[in-house]
Structures are given as C-alpha cells and as structure tokens.
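Open the model in your viewer and keep a selection panel at hand. The stops below go from a surface patch to a helix pair and then to the salt bridges.

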Amino acid sequence: MSATGEVSSQEYIQHHLTFWTSGHDGGFWTWHIDSLLFSVGLGVLFLWLFRSVGKKATTGVPGKLQCFIEMLVEFVDTSVKETFHGRNKLIAPLALTIFVWVFMMNFMDMIPVDWLPQLAALIAGDHNQHLRVVPTADLNVTFSLALGVFVLIIYYSIKIKGISGFVKELTLQPFNVKAMIPVNFVLESVTLIAKPISLALRLFGNLYAGELIFILIALMYGANVAIAALGVTLHLGWLIFHILVITLQAFIFMMLTIVYLSMAHEDH
C-alpha cells in the first residue's frame with residue numbers, strides 16, 4: 001500500500017491471488033479454507049438440488065428446472081454410452097457428478113472479482129482478509145479431483161485384468177519382448193501417471209488464466225472514464241467467451257475420465 005493509502009496494481013493482484021489459509025503457512029499442512037468451503041459447499045448444493053428435483057419429479061408436465069436436469073442427465077448418459085465400452089453402473093453417475101460439480105466450481109469465476117472478497121473483509125472486519133472464490137483455480141483442488149479419478153483407474157484396471165494382467169500391461173506393451181520390459185515399464189508408467197497430471201493441469205491452467213484476466217480487467221475500473229469504459233466492454237466480452245471456456249473444461253474433464261475408465265475396463 002502506498003503512502004497515500006492507495007493500493008498499487010501489484011498489491012491488488014497479489015491480494016486477489018492469495019488464499020485464505022490456516023495452519024502452517026506455506027507448509028504441507030496448510031489448508032486453503034476458501035477452496036474447501038466453496039468446493040464442499042457447491043458439492044452439497046449439487047446433491048441437494050438434484051435430490052430435491054428427483055423427489056418432486058412428475059410424469060406430467062415438468063417444470064423448467066426438472067426439464068433442464070432431465071436434459072443434462074440424458075446428455076451425460078448419451079456421452080457415457082457412446083464412449084464407455086464396459087459395463088459399470090458407477091460411470092454415468094460419476095460422469096454426471098464430475099460435469100456438474102466442476103462446472104459449478106468454474107462458474108464462480110463469473111462473479112465479479114471484488115464482490116465476495118469485499119464481503120468477507122467486511123464480515124471479518126479486516127480489509128486484508130483474503131478470499132479466492134474459484135476452487136478450480138487452486139491446484140490442490142484440481143489435483144484432488146484427478147487423484148480420485150486415478151485411484152479408480154488403478155482399481156478397475158486390477159479388478160478387470162487382475163494384478164498379473166495389470167503388470168503385463170505395464171511391462172509387455174508396446175513391445176511384447178521380455179528384453180524390453182524395463183523400457184515398456186518406463187513408457188507405460190509415464191503414460192499412466194500423465195493421465196491425472198494432464199487432467200489437473202488443464203483444468204487449473206484454464207481457470208487460473210480466466211481468473212487472472214478478470215482481475216486485470218477489474219484494475220481498469222479505477223482508471224479514468226475512457227479506460228473504465230473500455231474495461232466494461234472487455235469485461236462483458238470476456239464474460240461471454242469465458243462461459244464457453246468453463247463449460248468446455250467441465251466437459252473435457254468428464255469425457256477424459258470416461259475414456260480413461262473405459263481403457264481400464266479393456267481386458268486384452
């Protein structure tokens with residue numbers, strides 16, 4: 001903060017990119033309270049909303065919300081049927097949960113960057129109170145989601161193919177020669193580990209970039225009238241484009257999860 005009490009651009013950006021933490025700051029046991037609150041809260045909201053609509057569902061003329069959710073469920077179910085080549089009752093509910101939950105977390109980026117942080121500062125009585133509202137702009141959240149998918153990949157690979165089949169897949173592909181087992185193992189291990197890493201980094205990178213652009217645009221509002229007007233135009237333009245981005249990222253995460261689990265169910 002400057003001597004006049006004004007916040008510099010660098011301080012403004014740094015403030016918005018700092019998590020509300022608890023525990024040992026910067027250490028392994030540091031908790032990002034804001035990411036936990038918003039991700040869990042949105043997950044509970046998703047479960048409550050779909051459960052309440054399901055309980056009130058009628059065979060007569062459905063309401064708009066019921067129509068929307070039925071279309072969403074049918075869309076996800078069609079995507080699973082076209083992509084997943086095994087038999088598993090878990091995949092469709094998992095795909096629906098991933099798509100809706102990730103989209104809801106992404107959608108938090110649509111809220112003006114200052115609204116919720118300022119509200120948190122007002123409630124806390126501390127203008128330095130930090131709050132980041134987009135859980136998927138937190139690498140810990142995206143890696144947690146990807147790690148859950150990775151555990152399912154390993155579980156179903158062993159369940160369908162057996163431990164011996166899973167080991168053979170890692171050691172006898174792509175070169176079915178015993179002398180190439182070390183090379184095969186390195187190649188297949190890298191491919192296997194790259195799946196959750198690519199899931200996590202792709203989602204995080206896109207949402208972090210989107211969040212940062214909104215913050216940079218918000219800086220323009222404090223300038224003169226002409227620059228502020230330009231900021232409003234850029235904000236609306238980026239808002240419209242970003243709706244496509246957050247939807248696409250939720251869809252990609254869902255589809256890659258389906259593809260990876262379909263591959264885990266393939267028994268050669």
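Select I197 first: this residue is partly exposed, with a relative accessible area of 35%. Here buried means under 20% relative accessible area, exposed over 50%, and partly exposed in between (1.4 Å probe, protein chains only). I197 sits in helix α7; helices are DSSP runs (H or I, at least four residues), numbered from the N terminus.

The model is predicted: local features need pLDDT of at least 70, side-chain atom pairs count only at pLDDT 80 or more, and totals for chains, interfaces and linings use all residues. Residues are numbered from 1 along each chain as its sequence is written, and side-chain values use heavy atoms, with hydrogens and water left out.

Colour α6 (139-171) and α7 (181-219): each supplies at least two residues of the patch, and α7 gives the most, with 3.

Keep α6 and show helix α8 (residues 225-264). How do they cross? Their axes come within 8 Å and cross at roughly 20°, the axes being lines fitted to C-alpha atoms over the stretch in contact, with angles from 0 to 180 degrees between N-to-C directions. The two helices are therefore roughly parallel to each other, a term for angles under 35 degrees. The crossing of α6 and α8 is right-handed, meaning that the near helix is turned clockwise from the far one by less than a right angle.

Next, the salt bridges, of which a search of the whole structure finds 3. The criterion is a side-chain nitrogen of Lys or Arg within 4 Å of a carboxyl oxygen of Asp or Glu.

- Select D77 and K81, whose side chains meet at 3.2 Å, N to O. Both lie in helix α3 (residues 64-83), 4 residues apart, about one turn of the helix. D77 is partly exposed at 28%, while K81 counts as exposed at 64%.
- Select R132 and E211, which meet at 2.4 Å, N to O. This pair links distant parts of the chain, 79 residues apart: R132 is in the loop between α5 (115-124) and α6, E211 in helix α7. R132 and E211 are buried.
- Select E169 and K161, with their closest N and O atoms 2.6 Å apart. Both are buried.

Methods: Angles under 35 degrees count as roughly parallel, over 145 as roughly antiparallel, 65 to 115 as roughly perpendicular and the rest as oblique.
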